[in-house]
Amino acid sequence: MQHITRRLALHGALAAALAPNLASAQNPTFPTDNVRLVVPYAAGGATDIVARAVTDKLNVRWDKPVVIDNKPGAGTTLAAAQVARGPGDGHLLYMTTSAHTISANLYKKLDYDPLKSFAPLTLIAKVPLVLVVRPSLNIKTLAEFTSYVRAHPDKAAYASPGNGTAQHLTGEMFNTAMKTRMVHVPYRGDAPAITDLLGGSVDAMFATLTVVLPHIASGKLQAIALANGSRVEKVPNIPTFAEAGLKNFEAATWFGVLAPASLPKGLRERISQDIRAVVEQPDLRAKLIELGGEVISNSPADFEVFMQAESQKWRDIVKLSGAVID
């Protein structure tokens, strides 16, 4: 009996010793190395600012460096292709934007599928586009702006940071909805577009709210309406397009995190939860709101549904505009 008891005790001790190792195998520690977050734009832009705000928090939560890797070029497709080919171990992530679902419909050939080649983790925030006009037009409402554009067919001009951007396509969406003929003037980025708008070379712009907030506050640009479902906390006095008379007119620059599609589901949920936890921290939420954003922080499944809807929306608008990039 003592022999049997001793054997049972030994088995129990062995099981107890193995238990932590078994648990570790089932729930491996993450991350085990530095994490690289690829950003498809140059340093200093809105996407880079959001990415760095999030990684500052993840550095603390994960106790491992999260390194920003800026890879601008080709409408975000260069960075996306690199991530799509990368390892799905969680140590390679991608700070994606609305351009990701637009590019899928603009480029004839891509080395990846914008939806199937990636594992959605979470949508972080949306920053709506806002219609702004030069003050010298003396226009303050959407009705006044529409009347002005209709009175100047093929002459009233709107700026954008480039062909195929959300800002460009939103202008085409407006032309279709209101049966107007604004002229599109593309620039190489937001800065030169806004400079010419301030200088009076163009009449209007459907701009990302973040980049024109200082000019709205100073009165150098007149905000007409937000392309959003509701008003934004940072600028509560700017009405939505729906409130101004044009329903179902929404467009935003949004920020989210993707990983290669090969990322296992369990790790996908774990990383998503960690990112959402830091986004929900009061100081980070406040920073995103200060940028004119609406904090979302949703699940992988919800982000996937959102991306599918965005892809379909921009597909329809690209088809109407006829925009194509080879």
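Predicted model: local features only at pLDDT ≥ 70, side-chain atom pairs only at ≥ 80, totals over all residues.
Figure 1. Leaving aside neighbours within four places in sequence, Phe241 is in contact with Leu131, Leu142, Phe174, Phe206, Ala225, Leu226, Ala227, Leu246 and Phe249. Phe241 counts as buried because its relative accessibility is 0%, where the cut-off is under 20%. The C-alpha atom of Phe241 is 9.2 Å from that of Val130, and 111 residues separate the two along the chain.

Figure 2. With a relative accessible area of 0%, Ala119 is buried.

**Figure 3. Buried residues of helix H3 and what covers them.** Helix H3 spans residues 77-84, and Thr77, Ala79, Ala80, Ala81 and Val83 are buried in it. The elements covering these buried residues include strand E1 (35-39), strand E3 (92-97), strand E4 (118-133) and strand E9 (252-260). Helix H4 (99-106) is also among the covering elements.

**Figure 4. Ser160 in strand E5.** Strand E5 runs over residues 157-160 and contains Ser160. Ser160 counts as buried, because its relative accessibility is 0%. The Ser160 side chain reaches the backbone nitrogen of Gly162 at a distance of 3.1 Å. Not counting residues up to four places away in sequence, Ser160 touches Thr165, Gln167, His168, His184, Val185, Pro186, Tyr187, Ala193 and Met205.

**Figure 5. Packing of helix H7 with helix H8.** Two packed helices are described by the angle between their axes and the distance between the axes. The axes of H7 (residues 190-199) and H8 (residues 209-218) come within 11 Å and cross at roughly 30°. H7 is therefore roughly parallel to H8, a term used for angles under 35 degrees. The crossing of H7 past H8 is right-handed. From H7, Asp190, Ile194 and Leu198 take part in the contact, and they meet Val211, Val212 and His215 of H8. By class, the residues in this contact are four nonpolar, one polar and one charged.

How values were computed. Residues numbered from 1 in each chain as written. Heavy atoms only, no water. Axes fitted to C-alpha atoms, helices over the stretch in contact; angles between N-to-C directions. Helix = DSSP H or I, 4+ residues; strand = E, 2+ residues; numbered from the N terminus. Parallel < 35°, antiparallel > 145°, perpendicular 65-115°, else oblique. Left-handed = near helix turned anticlockwise from the far one by under 90°. Contact = heavy atoms within 4.5 Å. Nonpolar A, V, L, I, M, F, W, Y, C, P; charged D, E, K, R; others polar. Buried < 20%, exposed > 50% of the residue type's maximum accessible area, 1.4 Å probe, protein only. Polar contact = N/O pair within 3.5 Å; in protein donor to acceptor, adjacent residues only side chain to side chain.
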